[in-house]
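Here are my notes on the model, point by point. Please read them with the structure open.

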Amino acid sequence: MNLAPIQYVSGDATAPIGTGPRVIAHVVNTEGGWGRGFVVAVSKRWARPEQMYRSAIRARQLALNDVQFVNVETNLWVANMAAQVGYSQADSEGRIPLRYPALRYCLRQLCDYARYRRASVHMPRIGCGLAGGKWDMVEPIVVDELAALGVNVTVYDLAQGKSRA
């Protein structure tokens with residue numbers, strides 16, 4: 001098995017580096033909320049990921065564990081990964097919005113898609129903003145489900161002084 005280490009860069013995940021097929025991955029919630037966090041940057045660049053997400057939510061066709069692949073440019077897709085329930089607060093049982101098992105399941109689907117397309121995967125530190133996840137728990141899942149299976153992964157951290165909104 002090839003181990004493709006995660007590459008960390010300073011920059012904007014909506015402007016993925018490199019050439020060839022690329023998938024931008026991010027976490028969406030199952031409630032229909034789109035308007036804070038990384039999705040703001042996605043919507044500033046392309047309308048279609050938000051439109052497809054909202055349409056799927058209205059039609060009840062996007063649930064926890066689902067991934068919606070939206071083509072936004074030639075050889076560029078956005079993966080709306082439904083791995084978050086609720087918004088930016090823990091529920092009454094203390095659970096954060098991010099569901100780690102759902103994230104793992106979504107990343108498995110992303111891996112299959114990326115390998116089929118021979119695409120690299122680009123992402124912010126998924127699930128670690130409004131969804132409440134911790135990167136020290138998310139990173140091993142990304143390694144297991146993508147990098148360890150030979151998918152090239154680039155994780156973007158915004159440059160100091162930049163904001164998503």
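Which residue stands opposite Trp77 in β4? Asn71 does.

1. Basis. This is a predicted model: local features need pLDDT of at least 70, side-chain atom pairs count only at pLDDT 80 or more, and totals for chains, interfaces and linings use all residues. Residues are numbered from 1 along each chain as its sequence is written, and side-chain values use heavy atoms, with hydrogens and water left out.

2. β3 (residues 67–73) pairs with β4 in the antiparallel sense over six bridges. Strands are DSSP runs of E, at least two residues; helices are runs of H or I, at least four, and both are numbered from the N terminus. Two strands pair if DSSP finds at least two bridges between them. Two residues separate β3 and β4 in the hairpin. In the turn, Asn75 has a positive phi of about 60 degrees.

3. Largest pocket. Its volume is about 450 Å³. Among the 23 lining residues, Val27, Arg36, Gly37, Phe38 and Leu130 are the closest to the centre. β2 (22–29) and α1 (38–45) each give two or more residues to the lining. The largest share, four residues, comes from β2. On method: a pocket is an open set of points on a 1 Å grid over the protein atoms alone, where a 1.4 Å probe fits, with protein on both sides within 12 Å along at least five of seven lines; lining residues have an atom within 4 Å of a point. Points are joined across faces, edges and corners, and the volume is the space filled by probe spheres set on them.

4. Arg99. This residue is in the loop between β4 (76–84) and α3 (100–117). Arg99 is buried, at 16% relative accessible area. Buried means under 20%, exposed over 50%, partly exposed in between (1.4 Å probe, protein chains only). Beyond neighbours within four places in sequence, Arg99 contacts Leu64, Ala83, Val85 and Asp91. Contact means heavy atoms within 4.5 Å.

5. Salt bridges. The whole structure has five. The criterion is a side-chain nitrogen of Lys or Arg within 4 Å of a carboxyl oxygen of Asp or Glu. Glu145 bridges to Arg104, with the closest N and O atoms 2.8 Å apart. Glu145 is in α4 (residues 135–145) and Arg104 in α3, 41 residues apart. Glu145 also meets Arg108 (3.2 Å, N to O). Glu145 is buried at 8% relative accessibility, while Arg108 is partly exposed at 41%.
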